[in-house]
Amino acid sequence: MSGTQDTGAPARDDLARSAGHGAQERFDAVVVGGGPRAVAVVVRLAARLDGRERPVRVAVVDRVEVGAGATWRTDQSPLLLNNTYSAHTTIHADESTRMDGPVVPGPDLVRWASDGRVPADRPEWAAREIAELRPWTFPSRRLQGVYYDEQLADAVATGRVEVTPVLGTAVDLESAGSGWRTVVLEDGRRLAAPSVVLAQGMVQTRRSPRVRSLAASAERHGLVYVEPGMPAERAWDRVPGGETVLVAGLGANFFDVVALLTQGRGGRFVPAGDPARPSRLRYLPGGDEPLLVAGSRRGLPYRAKAAYAKGFPPRYEPVLATREWFARVATGSSQDFRTAVWPQLAREFAWAHLSVLLEHRPEAVREGLGHGELLSALEEADADGVDTVVAEAVSDPRLRLRTGRLDRPSPPTGGAPLSEEEWRAEVARFAEEELETIDAPERSPRNAVNRAMAALRGPVQRLVGLGALDGASVARDVAGWFTPLGLALASGPPPHRAAQVLALIDAGVVELLGEGSSVEFENGLFVGRSTSVRRAPVWARAFVETRMSKGVVTDTDDPLLRTLLGSGRARLHRWPASAGPAVSSGTLDVTREGFHLVGDDGAADENVTVLGIPAGAVQPGSAIGATPGVPSPLLAGADVAAAGILAARASLGTGDAVAARG
């Protein structure tokens, strides 16, 4: 924890030594996972105590770094960025978040950076990055990790919480009798407490049979295979420069990998000098970058975030899929997403697109049509008729929207595979629309659609959490395609990172394989193909998969979660289905009050609280970081956990049992 020397809190080394090997130590709580959720729990504990009680003793366990966790680890490359504005990050709850505990002000990321206080153990590089930080810029993940680290230290400095950081991997959770639980670590250490909080964050999956097969083939034939996972945990120096490298996945990790293999190898980006598109860049090679041939089912990268003159995008206010409309849908149960929800969302996306054309490109809309006429036409259209309304209203075919293909172009060939020349034209069109999104967001209809998605996906997840949708439809439609669609449109990279990828495409360093692409091992090499582009297969000695787990626990590599599921002490949350058995969500089942772990027998363990991603089906929105002034499920959950820790401690009395070493 940074900053502890300045605040009078115990130094990091002293705390680490206190969690020695070979003996069981007792605490008021053990938190498994040391990232922002753990920090938020400690911050909420400090907020709930008045300073007259004995400090709460908490052990925080993380395999990488307590305070920052794996995602925000402070030893990662500065090229790995957050995709959220600096001003949209905090770990302190404000009045916008509903919770029982008191609101205690604390600095968000920007206020922290401008504070001027420099703890003695803050990394030297942090000063350089802080100097460049602005509310509308995108910080490095390592700098955000320093922020979390120092907020943890400040909570400890209040004297209300004592934190013992424990580097290690939790493998089991045992009942210790009389309301106690013991967290067992891989190296044999045992940490006992009446409250255990599971806050592992973005848990990864174990190697699938396909990944194991590809890894074995690569080793047998002397090839390079970088398997899926967190970019900060992969050895990128293995990827050869100067030759073709196949890449699968064009999501958030793709932009990280591209940065590491180009900028990270000495390449530079300079302005291209295009007055019409100021964000257009030119790439100056470093000489050791590979030729990246990348593909995915979608065929195109996640959409860029926009750059605004005033720094931030205006909030999109739905006109059709309003709060009131969602509230009416929420009163139902077992509804089908495609029939009860999607048609209204499709109308809203079409309206977002058309309203920008009406305001900024009226020449593209058929003469005589205005806001009222188009809104009425959309309201009367069914899901299939929305595209017809758009087609009849927009005279330029290039500016028409197809709601079934919001994240990819509509093939000019009517669905037949494109020639390489036709595909290159689609990629060039994609690039121009991305640059328009970055440089002129108010005039960009695709940016309006992206913003609409950012506003609508949260309410959809809340419908899931309330049980308003049928389980089979949730699995098939929401988890199956709407959630990935939301990521592609609204969880894209910072604008300058997207512009860099476009420059690499222009320079021939990145080539897009096409929609429906796949990579397999054949004849001693990796081969990439696309079902949508008529082109020769691409052969390569190296293959990189940029996919990362979505936090499902059905086949997680987290040994503690595997143990709990395998022993029946945990079970998967299931969505009720109107026809047939309930459908697994892929996340843990927890109670809706208290978020207590539920076992196979349906009983809740009130000594174990699960926060965030591994229990995401019951805690919709908890995967998203906290933003000042915006209700935060992450921080609300942390407050619930803090309340549970204090209640469990109170139930044991005020003796010295917790402080004793057992």
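1. Ser 175 stands opposite Arg 181 in strand S6. The two strands concerned, S5 and S6, run antiparallel and are joined by six bridges. Pairing here requires that DSSP finds at least two bridges between two strands. Strands (E, at least two residues) and helices (H or I, at least four) are DSSP runs, numbered from the N terminus.

2. The model is predicted: local features need pLDDT of at least 70, side-chain atom pairs count only at pLDDT 80 or more, and totals for chains, interfaces and linings use all residues. Residues are numbered from 1 along each chain as its sequence is written, and side-chain values use heavy atoms, with hydrogens and water left out.

3. S5 and S6 belong to an open sheet of four strands with mixed pairing, in the order S1-S7-S6-S5. Its edge strands, each pairing on one side only, are S1 and S5 (170–177). On average, neighbouring strands of this sheet are turned by 25° against each other, direction ignored. Such angles run from 0 to 180 degrees between N-to-C directions, the axes being lines fitted to C-alpha atoms, for helices over the stretch in contact.

4. Within this sheet, S6 (residues 180–185) pairs with S7 in the antiparallel sense over four bridges, and Val 184 has Arg 190 in S7 as its bridge partner. The hairpin of S6 and S7 has four residues between the strands, and Gly 188 in this hairpin takes a positive phi near 100°. On the other hand, S1 (residues 24–26) and S7 (residues 190–193) pair in the parallel sense over three bridges; Glu 25 stands opposite Leu 191 there.

5. Helix H5 (residues 124–132) and helix H6 (residues 141–157) have axes that come within 10 Å and cross at roughly 105°. H5 is therefore roughly perpendicular to H6, a term covering angles of 65 to 115 degrees. Trp 125, Ala 126, Glu 129 and Ile 130 in H5 meet Arg 142, Leu 143 and Val 146 in H6, where contact means heavy atoms within 4.5 Å.

6. A further open sheet has three strands in the order S16-S17-S19, with antiparallel pairing. S16 (517–522) and S19 (538–540) are the edge strands, each pairing on one side only. S17 (residues 525–530) is joined to S19 by three bridges, and Val 527 has Trp 539 in S19 as its bridge partner. Helix H7 (residues 209–221) packs on this sheet, touching S16 and S17, and its direction makes about 50° with that of S16.

How values were computed
Angles under 35 degrees count as roughly parallel, over 145 as roughly antiparallel, 65 to 115 as roughly perpendicular and the rest as oblique.
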